[in-house]
Amino acid sequence: MKKIFQEDSKVLITTSHNSTEKAVQVAKKLSFEYGIPYYNRRHLNEKIREENIDFYYVVDNNLNLSIRIGNSRLFFHPGISKIRMENFKREGKDYLLDAIRPSQEDIIYDATFGLGMDAIFMAHFVKKIVGTEVSTHIYRIVSHGLKNYDSKEEWINNAIKKIDLYNEDMKKFISKQPAKAFDIVYCDPMFENPIYKSSSLNPIRPFANYDSIDDDIVEKLLRIARKRVVIKSLEKDRLLDKLSTKFDRIILSRKNGLIFACIDLDVDKEDK
Ligand SMILES: C[S@@+](CC[C@H](N)C(=O)[O-])C[C@H]1O[C@@H](n2cnc3c(N)ncnc32)[C@H](O)[C@@H]1O
């Protein structure tokens with residue numbers, strides 16, 4: 001596995017080359033907010049060498065924020081949600097929607113937000129999404145993106161407006177929530193056997209938290225759910241075998257081996 005960068009990594013923030021005054025202003029503002037040094041792009045290479053910088057943030061002239069790490073770039077883009085919506089409109093089916101069974105009044109808690117690709121898609125079908133992402137670096141890129149992204153597709157702009165994201169560990173966040181605080185609770189931890197090939201998650205891998213979930217966490221997720229808890233995994237991973245939870249529905253996508261394991265709570269069974 002690639003090196004995992006922790007919160008105490010040596011980082012800085014800069015702009016792209018030939019930056020506008022506005023980009024410099026935003027980079028300096030974020031430097032203050034994040035508590036990391038700002039450096040003029042022209043002096044970047046010597047700074048990286050002198051100070052053993054692990055990776056750096058860049059504000060470009062469109063005021064988008066990204067992380068450069070070697071040759072790869074972590075940036076926010078809801079591209080996959082767009083493709084997914086097109087597929088859903090064409091095929092009238094989506095495994096995640098089959099699992100969560102959304103309704104317009106629902107509030108979803110997405111415990112493991114990542115790039116928010118699932119969240120943006122789900123948000124279109126519900127009232128609100130509350131998300132947690134424990135990695136500060138992923139959180140910064142995604143929350144900046146959620147605030148600034150302007151899509152040509154109105155459904156994406158509307159979906160993004162329904163999302164509240166917090167930089168917090170789900171365990172800590174859950175412990176502060178009252179019972180049945182959310183209609184649906186969704187949890188998508190990092191896979192044990194990642195699909196590296198053309199995975200849109202590749203850029204988050206160096207920053208992500210790889211902790212798995214156990215029975216205790218599932219119990220805690222169940223406490224704050226009103227209708228259901230959905231856990232995403234891979235057919236070839238052993239996560240579901242390790243849990244003693246009894247799942248009501250297992251939805252498997254044979255195309256990519258994705259599994260959505262669902263626990264439907266009584267309230268929802270009664271509603272039907
Ligand atoms: C597989 S990714 C989620 C992908 C996401 N569903 C999407 O559509 O982009 C898992 C994410 O959960 C985060 N994560 C892992 N453990 C967490 C925890 N205890 N609390 C909050 N986030 C966590 C990881 O850092 C990673 O970004």
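# A guided set of close-ups

**View 1. The whole protein chain.** Among contacts in the protein chain between residues at least 6 apart in sequence, 70% link residues at least 24 apart; two residues are in contact if their C-beta atoms, placed from the backbone, lie within 7 Å. What you see here is a predicted model, in which local features need pLDDT of at least 70 and side-chain atom pairs count only at pLDDT 80 or more, while totals for chains, interfaces and linings use all residues. Residues are numbered from 1 along each chain as its sequence is written. The protein chain holds 11 helices and 11 strands, which are DSSP runs numbered from the N terminus (helices: H or I, at least four residues; strands: E, at least two). Its radius of gyration is 20 Å, close to the 19 Å that the globule rule gives for 272 residues, so the chain is as compact as a globular protein of that length. That radius is taken over C-alpha atoms, and the rule is 2.2 Å times the number of residues to the power 0.38. Along the principal axes, the C-alpha atoms of the protein chain fill a box of roughly 65 × 40 × 40 Å. Of the 272 residues in the protein chain, 33% are buried. A residue is buried if 20 or more other C-beta atoms lie within 10 Å of its own, exposed if 12 or fewer, and partly exposed in between, with C-beta atoms placed from the backbone.

**View 2. Around the ligand.** Here 23 residues surround the ligand, and the closest are Thr112, Gly114, Met117, Asp118 and Val134. A residue is near a molecule if its C-beta atom, placed from the backbone, lies within 6 Å of it. Helix H5 (117-123) and helix H8 (170-175) each give at least two residues to this shell. The shell is made up of 11 nonpolar, six polar and six charged residues. Ala, Val, Leu, Ile, Met, Phe, Trp, Tyr, Cys and Pro count as nonpolar, Asp, Glu, Lys and Arg as charged, and the others, Gly among them, as polar.

**View 3. The two sides of helix H7.** In helix H7 (residues 154-161), Ile156, Ala159 and Ile160 are buried. Looking down the axis of H7, its buried residues fall within an arc of 100°, so they line one face of the helix; the arc is that of the directions from the helix axis to the C-beta atoms. On the other side of H7, look for the exposed Glu154, Asn158 and Lys161. The cover over the buried residues of H7 includes H3, H5, helix H6 (136-148) and strand E7 (163-166).

**View 4. Helix H3 and the glycine after it.** The 13 residues of helix H3 (residues 79-91) should span 18 Å at 1.5 Å a residue, and its end C-alpha atoms are 18 Å apart, which agrees. The expected span is 1.5 Å times one less than the number of residues. After H3 comes Gly92, with a positive phi near 65°.

**View 5. Gln104 in its loop.** You will find Gln104 in the loop between helix H4 (95-100) and strand E5 (107-110). Gln104 counts as exposed because it has 7 C-beta neighbours inside 10 Å. Leaving out residues up to four places away in sequence, Gln104 touches Val126 and Lys127.

**View 6. Two loop residues with positive phi.** Most residues other than glycine have a negative phi. Asn18, not a glycine, has a positive phi of about 50°. Asn18 sits in the loop between strand E1 (11-15) and helix H1 (21-34). Lys180 has a positive phi too, near 55°, and lies in the loop between H8 and strand E8 (182-187).
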